[in-house]
Structure formats: structure tokens, C-alpha cells
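I opened the model today to look up a few places in it. My notes are below the view.

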Amino acid sequence: MSVPLFDTSTPLAPLRARLNAKAVEVLDGGHYILGPEVSGFEREFADYLGAGHAIGVANGTDALTLALRALGVGPGDEVVVPSFTFYASAEAVPPTGARPVFCDIDPESFCVTPETVRAALTPRTKAVIVVHLFGNVAPVAEIEALGVPVVEDAAQAAGSIAADGRHAGALGTIATFSFFPSKNLGAFGDGGAVTTSDDALAERVRMLRFHGSRDKETFELVGHNSRLDALQAALLRVTLPYLDVWSDGRRAAAAAYEEAGLGELAELPQPTPGAQPAWHLYVVRHPDADELAAALSAAEIGNKAYYRVPAHRQPAMQAYADGADLPVTDELARTHLAIPMSPVLSREQVEEVVGAAGAVAANRMR
Ligand SMILES: Cc1ncc(COP(=O)(O)O)c(C=O)c1O
């Protein structure tokens, strides 16, 4: 039985007729950028998260740049960011004029900690990007207690819940999401959002996404053209009510991996204490990750090493990576491997994955 790395189509199948009807309604309606579908989605997404505002933007990378600019990040500033993340978390910093400063992570949660962030702070630090990696929940309050505003990069964490019951994306000063189609809450093209409970920051992000203007006549800032399409917002309004069910499915799949004994064969990701991650990716660690990958591929089981070359080792980041010493990042880059995860991963599929992973362990013992 082949098992895909992720499955976006099965969860959407029961919604297909409603999605199709909604798409036709938007096409016939003639309003394609911002407008009532976008403001409706913004209200519903903010309410879902328990945040004051959600502002729809073109993608999750722009969301980060706009959030940083709204915080006043600019030339001469530094922004602390993990390196073990999708490259865009760091790439979003230089367009503000600031420098990314890379920090290390915790080996079990994959997230930054107050200690790893503190080691990267300087008097020029203006903000910290905290990535809720793979859907795990980073310790936002503890990092904001260091005295710098936190931008939560929640691109991979829609549906994740922190130990105190609040949603990832409503824990810090400002947060960002990606609605890239394979994400926990995926659109049908690019899309993103900035969320915050600070009225002034929300107003600034609204201006920045629309050329720095409040009224389309006076341009107060050099802004961006970064708006969410009405079509994407309308379709996200259909799927948002299912996010919690899908997140429960992801958590159930993680529990099934544990019950099937995967922890005997590889190091499993550990939720930060008390958190309920909506695992976007299920990433294990193995001393011979390439051998595990080969065994899974041979059994037609999807797998992927997402960040073999972490951000601080990418060519475009060399101007910012001088002196970065990130031993945990380098170790995880070598040993991590994503294995199948979706809201509908069945027990049989889990057992298939664990069986194939077990063959690697058996081979090693020979
Ligand atoms: C952690 C993280 N940050 C930022 C992004 C950027 O989002 P987008 O692809 O929508 O620009 C992504 C996803 O692609 C991501 O996984």
C-alpha cells in the first residue's frame, strides 16, 4: 500500500460541491480583489483565533515583511530568526532594510527558546520571528518577556493550540499565516494573513498591503501591492469551519504513530509542554535519515527532508550568516525526515509506515 506524504484532496472531497458553487458565485459577482468576501473571511479568521484583527495579504512571505514593517523594523535594525525553518522566514527580513540574525532551536520541539533567542539579541534587535515549526507551538510569552516584540510565523500552525488554550497566531504582538494549498488551512492558490490585537498595527498593515494608502488617493507610505483575492477568501470561508476537525485528525495520526511503536525506531517530535500541535508535517529524527528515506521510498511511502540546507547556509543568506554557530540546527538538518501526515491518515497507513521504518532498524542490527 503506498502512503502519500500528505493528502489535501480527501479532506476536501465532501466540500467539493460547495467549493465549486462558491467559486462560480465569485466569478459571476465580478469583485475579485479585497471586498466583502475578504473582509468576511478576515472577521471569521480573527474570531476563530481570538485575535482582534486579521488582514488578508498575498502570501505568507509578504505577511512577515508587512508585519515587520508595521512594527517599525527598518534599515540598521536586526531581526532574530531561526535558521531551521522554511527559507521565507528569513527571506522576509531584508526587504525591510533590516538584517536577519540567526538563532538556534530546541532539538525536541524544533522551535526557538528564550535561551537561543537571548544568545542572538543585541542592542539593535528590533523584533524576533518565532516560527511555530511543523505546527508545534513556540514559547511566545517567555520570549516577549525578554523585552522584544515577537512576530509569530504561524504559517505551519493554523489550528495549533498553546498550553493556556489560546491559538498559535494570537499569542504575541503580531502573527502571520500562509494559505499555501498544502498548509493546514490551504487556499487554492497563494494567500496569507497578518493577525494582531493591536489596532494601530492592524491599521498599518492594512495601509502597507495597499500601496501605503488608507483611501486609495493619498499615499502616506511606500507600501506593497499584497492583497488577498476574493476567490481565495470565499473558498477559505468554506473550509475554515473544518479546521478544528482536520487538526484533531492530525493529532490522532500523531497519537497513532506513537501507539504503533514508531518511537522505538526514530525520535518523535515532542509537543512543547501542554500544547496541542496541529501537526502540519510529522518530522522524526534518525541518525541515518537517508537510509530511512530510502527504505520508505522503496515501500512507496512518501517522505521528505525539508531543510537539509538550513536558511543560514543558503547562498543568498551568506551576507547575514557570518559567525552563526547553530549546532542543533546543523544536527537536525542532517537527521530530520518528514513522514506521512494528514487529517485522514488511517491506522492501516500508520502501520504501513511503521513497518517500513522497522525494516531499517532490522537491517541495522544484522
Ligand atoms: C514557516 C513558513 N514561513 C513562511 C512561509 C511562506 O509562506 P508563503 O509560501 O505563503 O509565502 C512558509 C510556507 O511556505 C512557511 O512554511
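**Ground rules.** I am working with a predicted model, where local features need pLDDT of at least 70, side-chain atom pairs count only at pLDDT 80 or more, and totals for chains, interfaces and linings use all residues. Residues are numbered from 1 along each chain as its sequence is written, and side-chain values use heavy atoms, with hydrogens and water left out.

**Strand 5.** I started with strand 5, residues 150–153. Helices (H or I, at least four residues) and strands (E, at least two) are DSSP runs, numbered from the N terminus. Which way do the residues of strand 5 point? V150 and E152 point one way, and V151 and D153 the other. All are buried, meaning under 20% relative accessible area with a 1.4 Å probe and protein chains only; exposed is over 50%, and partly exposed lies in between. In a regular strand, side chains alternate between the two faces of the sheet.

I then checked the partners; two strands pair if DSSP finds at least two bridges between them. Strand 4 (residues 125–131) pairs with strand 5 in the parallel sense over four bridges. V131 stands opposite D153 there. Strand 6 runs parallel to strand 5, with three bridges joining them. I174 in strand 6 is the bridge partner of V151.

**Core.** The largest nonpolar core has 61 residues, and F84 and I129 touch the most other members. Such a core is a set of buried Ala, Val, Leu, Ile, Met, Phe, Trp, Tyr and Cys residues joined through side-chain atoms within 4.5 Å. Helix 4 gives the largest share of this core, six residues. I listed what I129 touches (heavy atoms within 4.5 Å), not counting residues up to four places away in sequence: among them are L64, L68, V93, V151 and D153. In soluble globular proteins, nonpolar side chains tend to be buried together.

**Pockets.** I define a cavity, on a 1 Å grid over the protein atoms alone, as a set of points where a 1.4 Å probe fits but cannot get out; a pocket is an open set with protein on both sides within 12 Å along at least five of seven lines, and lining residues have an atom within 4 Å of a point. Grid points are joined across faces, edges and corners, and a volume is the space filled by probe spheres set on the points.

The largest pocket has a volume of about 760 Å³. It has 40 lining residues, with S178, F180, S182, K183 and H280 closest to its centre. Elements giving two or more residues to this lining include helix 1 (9–12) and helix 10 (243–259). The lining has 20 nonpolar, 14 polar and six charged residues. Ala, Val, Leu, Ile, Met, Phe, Trp, Tyr, Cys and Pro count as nonpolar, Asp, Glu, Lys and Arg as charged, and the others, Gly among them, as polar.

The second largest pocket holds about 360 Å³. V137, A138, P139, E142 and T272 are the closest to its centre, of 21 lining residues.

**Cavity.** How many cavities of 30 Å³ or more does the structure hold? I found one. The largest cavity has about 50 Å³ of space. Its lining divides into nine nonpolar, no polar and no charged residues.

**L345.** I ended in the loop between strand 9 (336–339) and helix 13 (347–365), where L345 sits. L345 is buried, at 12% relative accessible area. Beyond its neighbours within four places in sequence, L345 contacts V3, A253, Y257, P340 and V350.
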